Amino acid sequence: MCGILGIANRNDDVFAEIYDGLLMLQHRGQDASGVVTYTGGFFRERKANGLVKDVFQPTDAETLTGRVGMGHVRYPTAGSLSAAEAQPFFVNAPYGIYLVHNGNITNTEAQREKVTGKYSRHLRTTSDSEILLNVLADKVADAIKVNGSADAIRNIFAGVKMTMERVQGAYSVICLIAGVGMLAFRDPHGIRPLSVAKRAADGEGDDYAFASEDVAFGINGFDKLRDVKPGEALLVDLDGNLHEFQAVEGELTPCIFEYVYLARPDSVLDGVSVYQAQIRMGKTLARQVQESGLEIDAIIPVPDSARPVALEVSNITGIRYREALVKNRYVGRTFIMPGQEERQKSVRRKLNAIPREMEGRNILLIDDSIVRGNTIKKIVQMCREAGAKKVYIASASPPVAYPNVYGIDMPTKHELVANGRSVEEIREELGVDALFYQNLEDLIWAAQEGNPEIARFDCSCFNGDYITGGVTPEYLDALENSSRVSQKIAEAPTPGASWNGATLAPSQG
């Protein structure tokens with residue numbers, strides 16, 4: 001998760017446009033927000049815990065001046081909730097670089113040792129994003145030593161190439177570099193999304209923007225050019241010129257969970273319409289519902305992200321569709337709330353059942369996914385209290401049975417209801433009368449149909465196949481035994497579980 005946005009404007013200050021763009025990306029992170037702008041001489045920064053609308057005020061436009069800037073909405077997959085962990089992060093040499101990052105670095109500890117040992121750099125946080133920034137700074141400095149300081153763009157691209165050769169994991173990145181411009185790059189697998197857009201500026205030249213999702217472009221009048229390629233770096237210099245560089249050869253393997261839940265339905269990621277992919281998920285799920293032979297009186301989506309799937313299941317099966325769970329739109333997404341206790345408390349604040357649509361009826365709840373299972377258990381209980389006769393569940397995605405290490409907050413087996421359980425055992429755990437899961441082959445088809453050129457997706461949370469290097473059984477064991485997991489278990493203890501206190505870097509992306 002996390003949302004990142006950068007705008008290079010030739011004429012006007014960018015803060016207002018960054019603010020509007022971050023509002024369009026707020027679904028990707030609700031813990032903290034940050035913006036930095038560049039005047040051509042100085043950086044202007046503000047970041048704090050909270051939603052975009054709460055962190056920034058109209059008066060910030062007076063201080064966050066500059067024609068180039070970028071912003072971040074944070075979703076913490078681990079670690080401290082302190083505002084000190086909010087992005088962007090900064091190093092003062094070489095040049096002066098600010099960075100925002102969406103993703104998760106998997107060889108963090110090895111890179112931390114090099115950054116703090118060999119290069120004697122001091123890290124202010126335990127964030128993998130700060131480590132990534134310092135690796136990039138080290139590599140750009142190395143390029144300056146070899147090439148000289150005259151050609152900054154050449155040195156920066158060389159630094160990106162060396163960074164990609166060292167860093168493993170998922171990363172979509174935007175940087176502001178003093179005296180140079182705005183840099184964006186994407187990991188060689190293209191796991192997390194990143195797009196580039198253009199807008200005709202008044203007079204000569206164009207304005208450019210980068211964003212996690214293209215929904216951030218339209219509000220500011222930008223037209224999407226394309227997705228950033230895996231292993232590619234793009235740089236908009238201070239004169240408004242776009243420079244392109246294929247740092248390393250890559251193969252596009254985007255995270256399939258983006259299409260299930262993370263991205264907005266009106267986004268198009270790597271050529272795939274999120275909404276159309278969700279419609280296709282509904283087509284394949286409907287077959288299972290029809291083949292079950294169950295008597296179902298109503299199909300009810302768990303709002304909001306399951307709605308397109310549920311509508312298509314209803315259309316195909318002919319079972320009536322009902323909005324019988326009403327959402328309080330002033331409560332955040334429970335999946336990305338930082339603590340398990342907070343997530344569980346939030347369910348009752350977030351949803352309310354309509355008894356007249358449930359009393360004495362067999363209902364099929366459709367959710368986009370079932371991760372921990374705590375939220376859906378509460379919803380099932382709510383439906384039974386509202387009078388539902390039988391409660392069935394259909395998940396638009398397969399069982400989430402493996403840790404995600406690429407920037408989604410489902411990192412440990414301990415937390416996953418599907419890990420080590422059969423579908424029947426999960427059904428019993430959730431307390432429902434029947435349970436359907438999407439087949440992985442059908443989910444891949446639903447996404448791939450939007451862009452047949454994508455040969456492979458990252459499906460690691462469903463099949464345990466990690467597409468980057470370094471995700472070894474030892475790495476996963478260390479993740480399971482991290483202090484972060486210990487904290488979560490303390491919040492929601494499981495009988496028989498025991499953990500040690502090893503420390504891993506939290507992801508900020």
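Reply: Let's start with Arg186, which is buried at a relative accessible area of 0% (buried means under 20%, exposed over 50% and partly exposed in between, using a 1.4 Å probe and protein chains only). Before we go on, please keep in mind that this is a predicted model, in which local features need pLDDT of at least 70 and side-chain atom pairs count only at pLDDT 80 or more, while totals for chains, interfaces and linings use all residues. Residues are numbered from 1 along each chain as its sequence is written, and side-chain values use heavy atoms, leaving out hydrogens and water.

Arg186 belongs to strand S8. Strands (E, at least two residues) and helices (H or I, at least four residues) are DSSP runs, numbered from the N terminus. From Arg186, the side chain reaches the backbone oxygen of Val228 at 2.7 Å. This is a polar contact, a pair of N or O atoms within 3.5 Å; within protein, one atom must be able to donate a hydrogen and the other to accept it, and residues adjacent in sequence count only if both atoms are side-chain atoms. The strand around Arg186 is mostly covered too: six of the six residues of S8 are buried.

What lies on either side of S8? On one side, S7 pairs with S8 in the antiparallel sense over six bridges; two strands count as paired if DSSP finds at least two bridges between them. Here we meet Arg186 again, as the bridge partner of Ser172. S7 and S8 make a hairpin with three residues between them, and in the turn Gly179 has a positive phi of about 75 degrees. S12 is also a partner: five bridges join S8 to S12, and the two run antiparallel. In that pairing, Phe185 stands opposite Ala233 of S12.

Now for the whole sheet. Six strands form an open sheet, with antiparallel pairing, in the order S5-S6-S7-S8-S12-S13. Strand S5 (89-91) and strand S13 (242-246) stand at the edges with a single partner strand each, so one side of each has no neighbour in the sheet. On average, neighbouring strands of this sheet are turned by 20 degrees against each other, direction ignored. Within the sheet, strand S6 (residues 97-105) runs antiparallel to strand S7 (residues 169-177), and nine bridges join them. Asn104, for example, has Ala170 in S7 as its bridge partner.

Two helices meet this sheet. Helix H5 (residues 128-147) lies across S5, S6, S7 and strand S8 (181-186), at about 125 degrees to S6. Helix H6 (residues 152-166) packs on the sheet as well, touching S7, S8, strand S12 (232-237) and S13, with its direction at about 155 degrees to that of S12. Contact here means heavy atoms within 4.5 Å. The angles run from 0 to 180 degrees between N-to-C directions, with axes fitted to C-alpha atoms, for helices over the stretch in contact.

Phe157 sits in helix H6 and Phe245 in strand S13, so to speak 88 residues apart, and the pair links distant parts of the chain. Phe157 is buried, with a relative accessible area of 7%, whereas Phe245 is partly exposed at 25%.

Among contacts between residues at least 6 apart in sequence, 70% join residues at least 24 apart.
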